[in-house]
Every structure is written in C-alpha cells, then in structure tokens.
Amino acid sequence: MFNSILWWAPYLAGGLFLLVATSLLLASLYLVHIHRKFSHIPSPKMDSFFLGHIANMRQEKNKDEPLVTFISKWAAECGNLFVIFFSYHPVVMSTNPEDVKKVAFDESVTKSHDTVEIMNNLFGQRFMGHGLFTIPDYETWKPRRKSYDPSFKRSSLKELLPKFNECADTFLERLRPYASGKREAPMKEAFHEVALDVVSKVAFSSDFDKEWGNKRLGLKY
C-alpha cells in the first residue's frame with residue numbers, strides 16, 4: 001500500500017503542478033485580454049499585474065491619504081477619462097462633470113452591479129453607500145429621484161437661502177481665529193461641521209449649536 005502511494009506520488013505532484021500552471025497561464029491570458037481591450041483608454045501605471053491598481057491604492061492608503069487625493073493624481077496624469085483595474089475587473093473613471101451627469105441620470109446608460117458594489121463600500125468602509133448615485137436599476141431609481149424634485153425647485157431653494165447664509169456666516173466666524181496663519185486650520189472637520197449645520201437646520205429644523213455646543217467635533221476655536 002505504502003509502495004503504491006510512493007509510486008503514484010510523482011504523478012500526483014506532476015498533475016497538481018500542471019493544473020496550477022495551466023490555471024495561472026489562463027488567468028494571465030485573460031488579464032492580458034482585459035488590458036488590451038481597454039488599451040485605447042489611458043491608465044495609470046500598475047504596481048501589480050494580477051492585482052492591478054489595488055496594490056497602488058493600498059500603498060496610498062498606508063500614507064493616510066484620502067481616496068480622492070490619488071484619484072486626482074491619476075486624473076492629472078491621464079486626463080479626465082481613464083481606466084483602473086481591480087484585478088480582472090476594469091473600472092472606467094471620469095472627472096468630467098458632463099460624463100458623470102450622463103452616467104448618473106441617463107436611463108439609457110446601464111450601470112454595472114459589480115461596480116456599484118465597489119462604490120458602496122471601499123476597503124471595508126462605507127464609501128458612497130446605497131444612494132441615488134449607486135442604484136443600478138432605473139425603475140428603482142426613478143421614484144426615489146422623483147421624491148427629491150420638490151426640494152430642488154427654485155422657489156424652495158430661495159426660501160432656504162437665509163439658512164444657508166446663516167450657516168456660511170457661522171462657518172467663517174469659526175475659521176476667523178486661523179486667519180493669522182499661525183495655526184493650521186482643520187478644514188476637514190470644519191467642512192463636516194458646516195455640512196451638519198446645513199442638514200440639521202434645513203432638513204430637521206434643529207439648531208446644531210444649541211444641541212452640541214461649540215466643540216462638537218473636537219475643534220478648538
């Protein structure tokens with residue numbers, strides 16, 4: 001029995017090696033096919049043939065830079081339209097507002113479910129969530145978009161302008177101590193606060209200042 005296993009072992013090892021080598025070859029050929037298919041679109045340099053730009057994004061993430069920072073770098077390098085590869089999955093990206101508008105709101109442009117799933121959560125963290133921009137089905141998107149229409153009418157926006165201006169004035173007052181340039185202004189947290197101010201006053205008729213005080217996100221004014 002033992003001798004029989006030893007006799008078959010080289011064949012089994014050879015078969016396993018051949019299977020792995022064939023799978024690797026087929027995967028490589030498929031990746032080459034995908035890369036050539038989109039070769040007419042500019043693409044940033046990939047750090048990994050098999051992982052594609054996932055390796056690049058991991059390196060940038062280790063630098064503690066936000067996603068939009070290195071996407072902006074790629075746009076500056078490749079132009080408004082470029083393609084990035086998540087292993088075998090290509091994603092065409094555009095920083096042209098007209099392109100984004102057409103893809104987001106034109107029912108004739110179909111959206112990939114796989115791409116939507118990527119946009120929902122990136123690196124295990126919520127990115128764009130399950131909102132109007134990431135709904136792939138037009139029949140689901142249409143009634144949801146229609147429910148927002150009254151809020152964006154000119155008459156409604158004009159009524160909300162005083163609240164917008166009030167939030168903007170508060171925002172500028174909070175940044176005034178940083179105008180001397182002696183201290184670095186925490187703009188990320190400051191923009192978070194002004195966004196919360198607008199949402200709370202416009203959508204919920206609530207005063208965020210009274211609810212949370214002057215140091216809601218840990219800022220020191």
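The structure is a predicted model, in which local features need pLDDT of at least 70 and side-chain atom pairs count only at pLDDT 80 or more, while totals for chains, interfaces and linings use all residues. Residues are numbered from 1 along each chain as its sequence is written, and side-chain values use heavy atoms, with hydrogens and water left out.

The chain contains nine helices and four strands. Helices (H or I, at least four residues) and strands (E, at least two) are DSSP runs, numbered from the N terminus. Read from the N terminus, the order of the elements is α-α-α-β-β-α-α-β-β-α-α-α-α. The chain has 221 residues, and 23% of them count as buried. Here buried means under 20% relative accessible area, exposed means over 50%, and partly exposed lies in between (1.4 Å probe, protein chains only). The accessible surface of the chain is about 16,000 Å², and carbon and sulfur atoms hold 61% of that surface. Accessible areas come from the Shrake-Rupley method with a 1.4 Å probe, and for residues only the protein chains shown count as cover. Among the contacts in the chain with a separation of 6 or more, 47% are between residues 24 or more positions apart. A contact means heavy atoms within 4.5 Å.

Nonpolar cores were examined next. A nonpolar core is a set of buried Ala, Val, Leu, Ile, Met, Phe, Trp, Tyr and Cys residues joined through side-chain atoms within 4.5 Å. In soluble globular proteins, nonpolar side chains tend to be buried together. The largest nonpolar core has 12 residues in all: Met57, Leu67, Phe70, Ile71, Trp74, Ala75, Cys78, Phe82, Ile84, Phe86, Val91 and Leu122. Helix α3 (67–78) and strand β1 (81–86) each supply at least two residues of this core. The largest share, six residues, comes from α3. Cys78, one of the core residues, is in contact with Pro42, Ser43 and Pro44 when its neighbours within four places in sequence are left aside. A second, separate core has six residues, among them Cys167, Phe171, Leu175 and Val194.

Salt bridges form the next topic. A salt bridge is a side-chain nitrogen of Lys or Arg within 4 Å of a carboxyl oxygen of Asp or Glu. By this rule there are four salt bridges. One of them joins the side chains of Glu166 and Lys201, at 3.3 Å from N to O. This pair links distant parts of the chain, with Glu166 in helix α7 (residues 154–175) and Lys201 in helix α8 (residues 187–203), 35 residues apart. Glu166 has a relative accessible area of 41% and is therefore partly exposed, whereas Lys201 is buried because its relative accessible area is 8%.

Arg174, Glu193 and Asp197 are linked in a network of salt bridges. In the bridge between Glu193 and Arg174, the closest N and O atoms are 3.8 Å apart. Glu193 lies in helix α8 and Arg174 in helix α7, 19 residues apart, and the pair links distant parts of the chain. The side chains of Arg174 and Asp197 also meet in a salt bridge, at 3.1 Å from N to O. That pair again links distant parts of the chain, from Arg174 in helix α7 to Asp197 in helix α8, 23 residues apart. Both Glu193 and Arg174 are buried. The relative accessible area of Arg174 is 9%, and Asp197 counts as buried at 1% relative accessibility.

His35 lies in helix α1 (residues 2–37). His35 counts as buried because its relative accessibility is 16%. Not counting residues up to four places away in sequence, His35 touches Met46, Phe49 and Phe85.

Arg145 is part of helix α6 (residues 138–148). With 26% relative accessibility, Arg145 counts as partly exposed. Arg145 touches Phe105 and Leu132, not counting residues up to four places away in sequence. Arg145 and Phe105 are 40 residues apart along the chain, and their C-alpha atoms are separated by 9.4 Å.

Met128 is found in the loop between β4 (125–126) and α6. Its relative accessibility of 31% makes Met128 partly exposed. Together with Val100, Phe127 and Phe133, Met128 forms a nonpolar patch on the surface, with about 290 Å² of accessible area in total. Patches are made of residues with over 30% relative accessible area and no salt bridge; like charges are joined within 9 Å, and nonpolar side chains (Val, Leu, Ile, Met, Phe, Trp, Tyr) within 5 Å.
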